[in-house]
Every structure is written in structure tokens, then in C-alpha cells.
Amino acid sequence: MRMFAPALVIACAALLTVSAHAAPGNSADDMDKLLADKGLLTRLDQVRQNVRDKASELVVNAMGFLGVPYKRGGNTLETGFDCSGFVRAIYEQSVGLLLPRKAEQQAAATQSIDKKDLQPGDLVFFNTLRRAFSHVGIYVGDGKFIHSPKPGAEVRVESMGVDYWARRFDGARRVQDNPPANPSGE
């Protein structure tokens, strides 16, 4: 979701390499002019904006499920959600990506990032069952995440700074455009 299109990155790298060899005295301003002339600066800005829009759409979509009851093994609005079923449904509906079914599989299929680099739409994992990556939620910004917490509860937003979650934080991960996972979760 947050990756540049590979062809665009390759094209930029090729242009940078060619221009660096062709004119070793070029300044950064000359490089910016070359990229602008080729329309690549505009394209990069469009890609960045598209990524922000998708993350915002994902978070807004997730907020629409506030109050849906927790259901162990649940993965639809009608049945309710468990934590990983909620994340999987939101990603499928918002950006068309089918993530694995279980939290630990979702962690394995995503890119590890530093907590300080969290952006809305990233996944946050917690150790709630005395095992790594046993709970997952979606980061919404401002140190908060949305998730389906436990039996008897509903989808809600909570602060990662609350002692319970802070002590159990297991890591932050970013979903790629094509997560390398078995979507069936088997």
C-alpha cells in the first residue's frame, strides 16, 4: 500500500544514474529540473498522495465498524469480528488486499517498521496470550489504534499508551501492495 510502483522507482534510478554519468557537475537544482522536465516529480507527488488517500480511506472505513461485537473466529459484520478477522476485512474492503487469517500470519506477511514510523493504516501487534503476535489492530494516528479486543467487547479505539497495551506491544508492521501470504490462513 505504501510502496512506490516498482517501474517508477526503476525509472527514477535510471534517470539519476544516466544524468550523473552524463554530467558529473550537475547540482541538485539541475537534477530537480531534469526530473520535473520528465514529469517524474509530479508523478512521485501523485503516488505519495494516493498512498495517503488509501490510508485515510482505510482508517475511515475501519471507524465505520465501531461497536461491532467481538466474535471468536468472526470475520464479517454479520457475525462480528475477532482481531485478525477485523483487520483482514478492513484491508480487503478498503484496498482490495486479502491478508492471512491469523494475527501471527499477518505479522509474518508484513514488513516490520519502527514504532516511531507508524502511519495510519499500519498494523500494531500485541502479546496478549503469552505468545508473540497474538493480537492485532490498525493504527489510526495520535498513538491510538482500532481493534476488536475480546469476548464481550466491541470494535473500539484505544490508546497504545495505556499501561495494558504499552506492556504488551509486540511490534509495528506495514502492509505491502502484495503481501506474501497464504490468504486462506491454512
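Q: Is Phe 125 buried or exposed?
A: Phe 125 is buried, at 0% relative accessible area. Cut-offs: buried is under 20% relative accessible area, exposed is over 50%, and partly exposed is in between, with a 1.4 Å probe and protein chains only.

Q: What sort of model is this, and how are residues numbered?
A: This is a predicted model, where local features need pLDDT of at least 70, side-chain atom pairs count only at pLDDT 80 or more, and totals for chains, interfaces and linings use all residues. Residues are numbered from 1 along each chain as its sequence is written, and side-chain values use heavy atoms, with hydrogens and water left out.

Q: How many aromatic pairs turn up in the whole structure?
A: Nine. Rings of Phe, Tyr and Trp (its six-membered ring) pair if their centres lie within 6.5 Å; planes under 30 degrees apart are stacked, over 60 edge-to-face, and the rest tilted.

Q: Why is the pair of Phe 125 and Phe 133 edge-to-face?
A: Because the planes stand at 90°, with the ring centres 5.4 Å apart.

Q: And how accessible is Phe 133?
A: Phe 133 has 22% relative accessibility, so it counts as partly exposed.

Q: Which residues form the aromatic cluster?
A: Phe 126, Phe 145, Tyr 164, Trp 165 and Phe 169.

Q: What lies over the face of Phe 169?
A: Lys 115, at 4.5 Å from the ring centre. The rule asks for NZ of Lys or CZ of Arg within 6 Å of the ring centre and within 35 degrees of the ring normal.

Q: Switching to the sheet. What is the strand order?
A: The order is β3-β8-β4-β5-β6-β7, an open sheet of six strands with antiparallel pairing. Strands (E, at least two residues) and helices (H or I, at least four) are DSSP runs, numbered from the N terminus. Two strands pair if DSSP finds at least two bridges between them.

Q: Which strands stand at the edges?
A: β3 (111-113) and β7 (156-159). Each has a single partner strand, so one side of each is left without a neighbour in the sheet.

Q: By how much are neighbouring strands turned against each other?
A: By 40° on average, direction ignored. Axes are lines fitted to C-alpha atoms, for helices over the stretch in contact, and angles run from 0 to 180 degrees between N-to-C directions.

Q: How many bridges join β4 to β5?
A: Four, between residues 123-126 and residues 135-141, and the two strands run antiparallel. Phe 125 has Val 136 in β5 as its bridge partner.

Q: Which strands does helix α4 touch?
A: Helix α4 (residues 83-95) packs on the sheet and touches β4, β5 and β6 (144-147). Contact means heavy atoms within 4.5 Å. The helix direction makes about 50° with that of β5.

Q: Where is Leu 58?
A: In helix α3 (residues 40-63). Leu 58 is buried, at 0% relative accessible area.

Q: New topic, charges. How many salt bridges does the count give?
A: Seven. The rule is a side-chain nitrogen of Lys or Arg within 4 Å of a carboxyl oxygen of Asp or Glu.

Q: What is the partner of Glu 158?
A: Arg 156, with the closest N and O atoms 2.9 Å apart. Glu 158 is buried at 17% relative accessible area, and Arg 156 is partly exposed at 32%.

Q: Which residue meets Asp 142 in a salt bridge?
A: Lys 144, at 3.8 Å, N to O. Asp 142 is exposed at 69% relative accessibility, whereas Lys 144 is partly exposed at 33%.
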